[in-house]
Structure formats: C-alpha cells, structure tokens
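Take a look at the chain below. This short report goes through some of its loops and aromatic rings.

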Amino acid sequence: QVQLVESGGGLVQAGDSLRLSCTASGRTFSLRYMAWFRQAPGKEREFTAAISQSGSTIRYADSVKGRFTISRDNAANTMYLQMNNLKPEDTAVYFCAASSTWGWGSNDFWGQGTQVTVSS
C-alpha cells in the first residue's frame, strides 16, 4: 500500500503564492505517475497537473498553465505544486494522486486533501 499526505494549503490573497507538498510512504516504487487534482465547493474533482516518474512528461490543465509548476523529488518521495498568481477561482481542496499508469481513478492512491482558499 501507499499513503499520500498533502500539506501546504492555507488562506491567501489573490496574487499570492503557495507551495503544496505531497509526501508518499509505503510501496513508493509503484509511484510512476503522480498528479494533483482539485475540487471546488459544489463542483466535480478536476485534473490540475501531472508528472511522470522521471519528470520528463508534465501536463497542466489550461486554467493553471503559466501559473502552477509541478515537480517531484523521488529521493524524498515528495511531489510539489508551486502555485503563483493565485486567483479566487483556484479555491479548492487539492488532492495528490499516484498510479502505476498515466491515469488516476478510484483504484489508485489518493491523499486526504489540503484546503486552499484565495480571497479577492
């Protein structure tokens, strides 16, 4: 099994920055592909960013391109999401996910989430 724990969320103002972390433990060798998702109140969970094990493949949702940067430190079993120029519409619970394939579903590993609130 794999356990994922997110941290770094908080309350910030529009234009501020935050860095989220997702630390993995357990069978971490299976964490080839990792991703961030977010869920705003009353909305479906949505894809935000993803990264392959080597970091050679990275994808972003259009809504965060140019503002968010995903990265990972495999030695530390940690993935990051640097969020700059935050907007009120970025307010959501942010979840990290890990999978052995490029795709993250209910059968993969998920963290409990960290709240990000951006005030205008």
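## Loop asparagines

A residue is called buried under 20% relative accessible area, exposed over 50%, and partly exposed in between. Asn85 has a relative accessible area of 42%, so Asn85 is partly exposed. The model used here is predicted.

Asn85 sits in the loop between strand 8 and strand 9 (92-99). Its phi is near 50 degrees, a positive value in a residue other than glycine. Asn77 also has a positive phi, near 50 degrees. Asn77 belongs to the loop between strand 7 (68-73) and strand 8 (78-83). Its relative accessible area is 30%, so Asn77 is partly exposed.

Asn107 is found in the loop between strand 9 and strand 10 (109-110). At 76% relative accessible area, Asn107 is exposed.

## Aromatic pairs

The whole structure holds 6 aromatic pairs. One of them joins Tyr33 and Trp102: the ring centres are 5.6 Å apart and the planes meet at 85 degrees, so the pair is edge-to-face. Tyr33 is in strand 4 (residues 33-39) and Trp102 is in the loop between strand 9 and strand 10, 69 residues apart. Tyr33 is buried at 17% relative accessibility, while Trp102 is partly exposed at 39%.

Phe47 and Trp104 form a stacked pair, with 6.5 Å centre to centre and 25 degrees between the planes. Phe47 lies in strand 5 (residues 46-51) and Trp104 in the loop between strand 9 and strand 10, so the pair ties together parts 57 residues apart in sequence.

## Cluster and charge

Tyr33, Phe37, Phe47, Trp102, Trp104 and Trp110 make up one aromatic cluster. Arg45 lies over the face of Trp110, 4.7 Å from the ring centre. The charged end of Arg45 also sits over the ring of Phe95, 3.9 Å from its centre.

Note on methods
Residues numbered from 1 in each chain as written. Predicted model: local features only at pLDDT ≥ 70, side-chain atom pairs only at ≥ 80, totals over all residues. Heavy atoms only, no water. Helix = DSSP H or I, 4+ residues; strand = E, 2+ residues; numbered from the N terminus. Buried < 20%, exposed > 50% of the residue type's maximum accessible area, 1.4 Å probe, protein only. Phe/Tyr/Trp six-rings, centres within 6.5 Å; stacked < 30°, edge-to-face > 60°. Lys NZ or Arg CZ within 6 Å of the ring centre and 35° of its normal.
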